[in-house]
Amino acid sequence: MSKSIYVVGADIGGLMAGALLAKEGYQVTILEKATRVVGSAGSYVRNKRIYPAGATIAFGLE
């Protein structure tokens with residue numbers, strides 16, 4: 001029987017948790033309601049332009 005886990009949310013924390021669990025041998029499924037990564041690595045679209053949001057703005061990570 002293989003180990004499997006679901007991670008809810010594809011923000012930085014969810015993606016990191018998924019990566020660390022996969023490294024430990026878990027079969028990881030990440031669930032996200034948005035169509036792309038959100039949270040501190042997220043962005044939004046206005047007038048057909050993409051703007052960074054969250055911590056990416058504060059730390060210049062965009």
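1. Asn47 lies in the loop between strand S3 (43-46) and strand S4 (49-52). Strands here are DSSP runs of E with at least two residues, helices are runs of H or I with at least four residues, and both are numbered from the N terminus. The phi of Asn47 is near 55 degrees, which is a positive value in a residue other than glycine. Most residues other than glycine have a negative phi. Asn47 is also exposed, at a relative accessible area of 70%. Exposed stands for over 50% relative accessible area, buried for under 20%, and partly exposed for what lies in between, with a 1.4 Å probe and protein chains only.

2. A note on the source. This is a predicted model, in which local features need pLDDT of at least 70 and side-chain atom pairs count only at pLDDT 80 or more, while totals for chains, interfaces and linings use all residues. Residues are numbered from 1 along each chain as its sequence is written, and side-chain values use heavy atoms, with hydrogens and water left out.

3. Lys48 is placed in the loop between S3 and S4. Its phi is near 65 degrees, again positive in a residue other than glycine. The relative accessible area of Lys48 is 84%, so Lys48 counts as exposed.

4. The protein has two helices and four strands. Along the sequence they follow the pattern β-α-β-β-β-α.

5. How do strands S1 and S2 pair, and over how many bridges? S1 (residues 4-8) and S2 (residues 27-31) run in the parallel sense, joined over five bridges. Two strands pair if DSSP finds at least two bridges between them. Within this pairing, Ser4 stands opposite Gln27 in S2.

6. Helix H1 (residues 12-23) forms a right-handed β-α-β unit together with S1 and S2. Right-handed means that, with the strands pointing away from the viewer, the path from the first strand over the helix to the second runs clockwise.

7. The charged end of Lys3 sits over the ring of Tyr26, at 4.6 Å from the ring centre. A charge sits over a ring if NZ of Lys or CZ of Arg is within 6 Å of the ring centre and within 35 degrees of the ring normal.

8. Of the 62 residues of the protein, 11% count as buried. The protein exposes about 5000 Å², and carbon and sulfur atoms supply 58% of that area; the areas come from the Shrake-Rupley method with a 1.4 Å probe.
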